[in-house]
Amino acid sequence: MSDVLAVADHRRGELRDVSYELITAGRDLVDETSGDLHLAVISGTVDDFAEKLNREGVDAIHTVDHGEEFNHDVYAQAVTQLYDELAPQYVLTPNSVNGLDYAPAIATELDLPIVTDTIGLETDGETLVATREMYGGKVETTTELSGDAIVTIRGAEWPAAEGTGDAAIEAADADIDEDAIGSTVTGFEEVGGGDVDISEANLLVSIGRGIEEEENLDLIRDLADALDATLSSSRPIVDNGWLPKNRQVGQSGKVVTPDVYIAIGISGAVQHVAGMKGSDTIVAINTDPNAPIMDIADYAIHDDLFDVVPELIDEF
């Protein structure tokens with residue numbers, strides 16, 4: 001029997017979607033090992049977060065009420081102490097800015113192996129088999145881990161846990177050493193168009209090389225306005241300086257999971273697809289019927305975007 005400890009992720013008072021996906025990933029593992037799934041909620045409004053995360057499959061939720069925002073030293077201490085108390089075989093964290101901040105520190109402190117950015121997990125006896133992508137998503141590799149391990153999971157690779165759970169929620173007896181806390185969040189400053197977080201959008205209109213010229217972005221903005229959608233793009237648009245970095249979808253941008261993703265003039269390179277393949281519905285508009293994006297699209301429109309987009313604007 002092997003237990004799993006999953007660590008929830010939040011930012012600026014809001015739980016991140018990956019927190020619910022961690023529950024699914026952890027539940028899959030404990031179902032294979034007949035263990036229990038423990039969930040750690042650290043800092044912020046922990047009681048509120050715990051209630052929201054009390055989903056089917058969670059056996060126990062442990063809260064650490066210390067500070068409002070993420071802090072490396074608090075998380076490192078809290079997770080290490082929970083590991084010592086609960087003795088799980090696997091610790092799961094998100095492959096997020098926060099998760100990649102403290103997970104390596106925990107692995108070092110506990111002298112455990114760590115595998116990051118996993119997209120699949122399964123057990124083979126006492127061995128954990130972790131699947132990762134390499135070379136820009138062109139190949140998948142597997143890593144076998146024996147014994148305890150730290151694993152970070154990529155967002156949007158597991159479905160979010162649903163249903164109301166009945167897990168016991170209890171305050172963890174964590175002894176946070178204040179003298180070991182070397183930094184404190186004093187505030188936030190938006191930069192580079194930071195008013196928009198495309199990872200939170202329900203409807204995205206995304207543009208690629210097919211737009212040809214920067215002036216043609218006005219046409220796409222008109223469509224986004226008509227649909228009340230958020231504008232995003234593939235990497236070439238950002239590299240050209242036509243949109244800020246925070247609008248980029250893909251492996252070197254942001255992972256998005258909107259209800260609808262409209263890809264306009266995007267070929268569908270593996271790096272871009274890695275960032276949007278979790279969308280519920282994908283609509284692709286492209287003059288090339290053999291473009292890779294057409295293979296994953298739920299609706300593929302083989303036509304010139306400069307003919308299709310004005311029609312969509314009129315329709316909506």
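**Entry: helix H5**

I started with Asp218, which is partly exposed because its relative accessible area is 48%. For the cut-offs I used, buried is under 20% relative accessible area, exposed is over 50%, and partly exposed is in between (1.4 Å probe, protein chains only). A note before going on: this is a predicted model, so I took local features only at pLDDT of at least 70 and side-chain atom pairs only at pLDDT 80 or more, while totals for chains, interfaces and linings use all residues. Residues are numbered from 1 along each chain as its sequence is written, and side-chain values use heavy atoms, with hydrogens and water left out.

What does Asp218 pair with? I found its side chain in a salt bridge with Arg221, at 3.4 Å, N to O. The term stands for a side-chain nitrogen of Lys or Arg within 4 Å of a carboxyl oxygen of Asp or Glu. Both residues lie in helix H5, three residues apart, which is about one turn of the helix. Helices (H or I, at least four residues) and strands (E, at least two) are DSSP runs, numbered from the N terminus. I have Arg221 down as partly exposed, given its 34% relative accessibility.

**Entry: the Asp197 network**

Next I followed the shared partners. Salt bridges join Arg11, Arg16, Asp197, Glu200 and Lys254 into one network. My search of the whole structure gave 14 salt bridges.

Asp197 and Arg16 meet through their side chains at 3.6 Å, N to O. Asp197 sits in the loop between E11 and E12, and Arg16 in the loop between strand E3 (14-15) and helix H1 (17-33), so this pair ties together parts that are 181 residues apart in sequence. Are the two partners buried or exposed? Asp197 comes out as partly exposed at 21% relative accessibility, while Arg16 counts as buried at 16%.

The other pair is Lys254 with Asp197, a salt bridge of 3.0 Å, N to O. Lys254 is in the loop between H6 and E14 and Asp197 in the loop between E11 and E12, so here the parts tied together are 57 residues apart in sequence. Lys254 has 28% relative accessibility, and therefore counts as partly exposed.

**Entry: Arg247**

I checked another arginine. Arg247 lies in the loop between helix H6 (235-239) and strand E14 (260-264). Its relative accessibility is 17%, so I filed Arg247 as buried. What does Arg247 touch? Not counting residues up to four places away in sequence, I listed Val196, Ile198, Thr230, Leu231, Ser232 and Ser233. Contact here means heavy atoms within 4.5 Å.

**Entry: Gly210**

Gly210 is in the loop between strand E12 (203-207) and helix H5 (217-227). I noted it as partly exposed, on account of 25% relative accessibility. With residues up to four places away in sequence left out, Gly210 touches Gly265, Leu305 and Phe306. I also took a distance to Gly250, which is 40 residues away along the chain: the C-alpha atoms are separated by 17 Å.

**Entry: Ile114**

Ile114 is in strand E7 (residues 114-124). At a relative accessible area of 32%, Ile114 is partly exposed. Leaving aside neighbours within four places in sequence, I found Ile114 in contact with Ala103, Pro104, Ala107 and Ile150. For Ala103, eleven residues away along the chain, the C-alpha separation from Ile114 is 8.0 Å.

I then went through phi angles. Most residues other than glycine have a negative phi. Ser34 lies in the loop between H1 and strand E4 (37-42), and is exposed because its relative accessible area is 55%. Ala156 is in the loop between strand E10 (149-153) and E11, and is partly exposed with a relative accessible area of 23%.

**Entry: a charged patch**

Last, the surface. I found a negative patch formed by Glu85, Glu170, Asp173, Asp175, Asp177, Glu178 and Asp179. Patch residues have over 30% relative accessible area and no salt bridge; like charges are joined within 9 Å, nonpolar side chains (Val, Leu, Ile, Met, Phe, Trp, Tyr) within 5 Å. Accessible areas come from the Shrake-Rupley method with a 1.4 Å probe. Asp and Glu count as negative, and each charge is placed at CG of Asp or CD of Glu. Glu170 is partly exposed, at 41% relative accessibility.
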